[in-house]
Amino acid sequence: MNQDHHTEDKSGNYVAEPSCPPLPSTSTGVVSVISPHYCAPYPVDLTIIRKVLKLTHDNYDALDVNGNIVFTIKDEMTFLHHHRVLRDPAGVPIVTVYEKIKSMHRRFNVFKGDSKDMKDLIFTAKQSHMIQWTTKLDVFLASDTKKDVCDFKVKGNWLERSCTIYAGEPGDKDEDGASSRVIAQMKKKHTVDSVVLGKDTFNVTVYPNIDYAFIIALITVLDAVNDARAES
């Protein structure tokens with residue numbers, strides 16, 4: 001895996017390599033949830049690799065098109081809390097995912113860094129229905145106090161690693177009449193490593209001007225939801 005050539009912004013922060021040349025700017029605007037640093041003017045293709053044949057907690061790596069590690073996801077356990085942490089290549093925590101106890105719809109809170117303080121809450125995510133056979137996740141930003149309509153929606157089949165992420169509820173329109181739009185898609189990647197080395201591999205395409213750290217944070221939640229269902 002080549003990690004010798006990294007792209008950095010003016011502040012020295014790592015930036016995912018583009019999968020193609022920058023596209024012309026559009027009127028759709030920037031969707032920044034975690035940080036505008038993670039919003040690129042081009043599509044970002046990431047490969048998520050999870051080692052499945054091991055006895056320790058799940059570990060994921062998110063790689064760009066050049067094989068550079070952009071994020072790592074680790075399932076961690078403390079004395080009182082079981083949580084997942086999304087980190088940058090230097091090991092700095094970007095967000096931490098906690099399951100909300102006694103939640104009917106399996107609700108998860110996502111906090112800034114390694115915090116669990118409600119003032120650092122970025123967004124919450126929950127299953128759309130208490131009982132569901134496919135993947136449906138409603139996502140609400142911390143700034144959305146009403147929570148009548150979700151800010152983002154995930155639909156698909158997590159077990160097949162096939163999901164689509166929307167800004168807004170699919171089919172609905174906002175106050176300005178704008179329809180929901182697809183902001184990212186994921187699909188299974190079948191490789192020799194998947195079979196021989198016991199690696200679960202899938203691709204994520206994040207659309208231009210979309211916060212790709214937020215998309216990976218949503219994937220972290222999806223994995224947590226699936227594990228919680230399996231344990232129940």
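User: Let's start with the hole inside. Which residues line the largest cavity?

Analyst: Rolling a probe the size of a water molecule over the atoms shows where empty space is left. A cavity is a set of points, on a 1 Å grid over the protein atoms alone, where a 1.4 Å probe fits but cannot get out, and lining residues have an atom within 4 Å of a point. Here, Tyr-60, Ile-73, Arg-84, Ile-219, Thr-220 and Asp-223 line the largest cavity. One caution: this is a predicted model, where local features need pLDDT of at least 70 and side-chain atom pairs count only at pLDDT 80 or more, though totals for chains, interfaces and linings use all residues. Residues are numbered from 1 along each chain as its sequence is written, and side-chain values use heavy atoms, without hydrogens or water.

User: How much space lies in the largest cavity?

Analyst: A volume is the space filled by probe spheres set on the grid points, which are joined across faces, edges and corners. For the largest cavity that comes to about 30 Å³. The whole-structure search finds one cavity of 30 Å³ or more.

User: Which helix gives the most to that lining?

Analyst: Helices (H or I, at least four residues) and strands (E, at least two) are DSSP runs, numbered from the N terminus. Helix H2 (residues 212–231) gives the most, three residues.

User: OK, aromatics. How many pairs are there?

Analyst: Rings of Phe, Tyr and Trp (its six-membered ring) pair if their centres lie within 6.5 Å; planes under 30 degrees apart count as stacked, over 60 as edge-to-face, and the rest as tilted. That rule gives six aromatic pairs. Take Tyr-38 and Phe-71: their ring centres are 5.6 Å apart and the planes sit at 50°, so this pair is tilted. Tyr-38 is in the loop between strand S2 (14–15) and strand S3 (44–51), while Phe-71 is in strand S5 (residues 69–77), so the pair ties together parts 33 residues apart in sequence. Ring pairs also link Tyr-38, Phe-71 and Tyr-212 into a cluster.

User: Are Tyr-38 and Phe-71 buried or exposed?

Analyst: Buried means under 20% relative accessible area, exposed over 50%, and partly exposed in between (1.4 Å probe, protein chains only). Both Tyr-38 and Phe-71 are buried.

User: And what about Tyr-98 and Phe-111?

Analyst: Their ring centres lie 6.0 Å apart with planes at 70°, so that pair is edge-to-face. Tyr-98 belongs to strand S7 (residues 93–99) and Phe-111 to strand S8 (residues 107–112), so parts 13 residues apart in sequence are tied together. Tyr-98 counts as buried at 12% relative accessibility, and Phe-111 is buried at 3%.

Technical notes
On a 1 Å grid over the protein atoms alone, a cavity is a set of points where a 1.4 Å probe fits but cannot get out, and a pocket is an open set with protein on both sides within 12 Å along at least five of seven lines; lining residues have an atom within 4 Å of a point.
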